[in-house]
Amino acid sequence: MISWEVLGAWISAALVVWIYSFAYRDNALYKLAEHIFLGTAAGYSIALALDSLNRVLIRPAVTTPGTFWATSWHYVIPVVLGLLMFAKYSRRYYWLARYAVAVNLAVGTGLALRAVPVANIVRQITATILPLWGSDPVKVVNNWLMVLITVGGLTYFLFTIFPRRVEGAPPSPTYQVYRALYYIGIYGMMVGFGALFANTIMTRVGFLISIYLIYLQPQVWASIVAAILAAIAIVLGALRKR
Amino acid sequence: MKAPKGVVIAIALLVVILVISVVTWSLRVQLYSTRAPFSAFLILLILLVAGYVFMEQARLGRSFPVRKIPAFDAIEEAIARSVEMGRPVHTTFGFGSISSSMAPQYVAGLGVLAHVARLCGKYGAKLIATLGVPEVIATTEEIVREGYYSAGRPELFDPAYNVRYLTDQQFAYASAVQATIVRENVGANIVVGPFYAESLIFMEAGNMVGAFQIAGTARETQIPFFVLVADYSFIGEEIFAAGALASGDKETLASIRAQDIGKFISIILIVLGVIMLLGGFKLVDSLNWVWKFG
């Protein structure tokens, strides 16, 4: 008899193969997997939200109203803001939904603002103030690169403060310094992006291999079924192409 | 001489902050983090004041020219090309909750969406905005409707077609977005916002249908994918400048000048710090100084 665990593993393997089949082209099995995935995710989000609402607000408000109104009354505010979201269905009061969005955005921006001055400004500046002379040539070159690329990167991201070149006139020294730093910044960033890209791809290939190991290693039959599922997806895709 | 209303409000706000600080300090309430360096607070204060001053100047008529951002200029080209090909324009700005530290990037994404919607109205393009942020469904619908209505093309607005909320779960959202890009055979794929591992999936889907791709994010781990695959990309902070440019609002553009002041201060401090190191003085120690009180 097939246990739920085994059935779950088969369904999961089938969904993985069907999702991968999109790399070849869109097909009916991908659509099926996509809709299952999307529906499950949407349902999961709703269940999570309702559970949170129940745990934090409804149950305490009903079972221990005295304690709730004395200590946790402020939970009513997000509920009211959440309810305002439904105003979008009214032609007359749809603008009320903006208030909920505005509060959410303000909270998010406030959270971002809290950490930025320390992590993104002060810590970055202090990490870049490095000695440009010393006995270790490798360290010195490294420090020069660090300082130049950071200053160059910052110069690249100056959008409203930049020297302008007068048409027909030779470039001023300020303009030349600006352009040099601008290019150091962009090329430095490109080198960094290349390293980041390679690093991320390496991680993704690791994920791919781990999926292979899960589904292909233990059972020969599992590999054959996975191959058949992939072949069905490819055939369906090819039929649609015609 | 009568002081402008804005200056009075700014001074009043500073006085209120000062009074609150003194009161909370006297009551031994910890208002400031005693672990964060004081320089961070000072820089934040400078940026807030600079932002306010520049926005006030913009209100009085001063304009702040922003340098050319090729990816921003390419948006119009992408939409016009889609119309010529008879294909829709797709745009998305990410998934998750807007009340997170990614909020500024969502705002930038919404700014770009407003610009795209206006251009779609202007050229009569079909717009598909997919989203995974439930809080902004109403806002997105309003932005797209405004784009079509302001261009005198209300008949093109169909909320069920134009705005498609998928889910706030990362890969379910990603699988649906890539399917939308391919099934609708989009002519332009414009993705600006905070993106995670799904960034390359979107770019690859756009590539499959030969869409004109413009992408941008301020999440440094995802920028390489956009730079590599998209036709034009907004690198990091460029998305905020794009959001401000898209709004066309002088005051929002003035806030970009305040950001630039922050970057300029950083450059000066780095150069100064490096020069001072030669004389044996460590500016790092001053920047890391923590004001312990109370």
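Colleague: What share of the contacts in chain B with a separation of 6 or more comes from residues 24 or more positions apart?

Modeller: Two residues are in contact if their C-beta atoms, placed from the backbone, lie within 7 Å. In chain B of this predicted model, residues 24 or more positions apart account for 73% of the contacts with a separation of 6 or more. Residues are numbered from 1 along each chain as its sequence is written, and chains are lettered from A in the order in which they are written. Local features need pLDDT of at least 70 and side-chain atom pairs count only at pLDDT 80 or more, whereas totals for chains, interfaces and linings use all residues.

Colleague: How many residues does each chain give to the contact between chain A and chain B?

Modeller: Chain A gives 51 residues and chain B gives 61 residues. On the side of chain A that touches chain B, α5(A) gives the most, with 18 residues. Helices (H or I, at least four residues) and strands (E, at least two) are DSSP runs, numbered from the N terminus. That side of chain A divides into 37 nonpolar, 11 polar and three charged residues. Here Ala, Val, Leu, Ile, Met, Phe, Trp, Tyr, Cys and Pro count as nonpolar, Asp, Glu, Lys and Arg as charged, and the others, Gly among them, as polar.

Colleague: Is B:Asn185 buried or partly exposed?

Modeller: A residue is buried if 20 or more other C-beta atoms lie within 10 Å of its own, exposed if 12 or fewer, and partly exposed in between. B:Asn185 counts as partly exposed because it has 15 C-beta neighbours inside 10 Å. B:Asn185 lies in the loop between α7 (170-183) and β4 (188-192) of chain B, and has a positive phi of about 50° although it is not a glycine.
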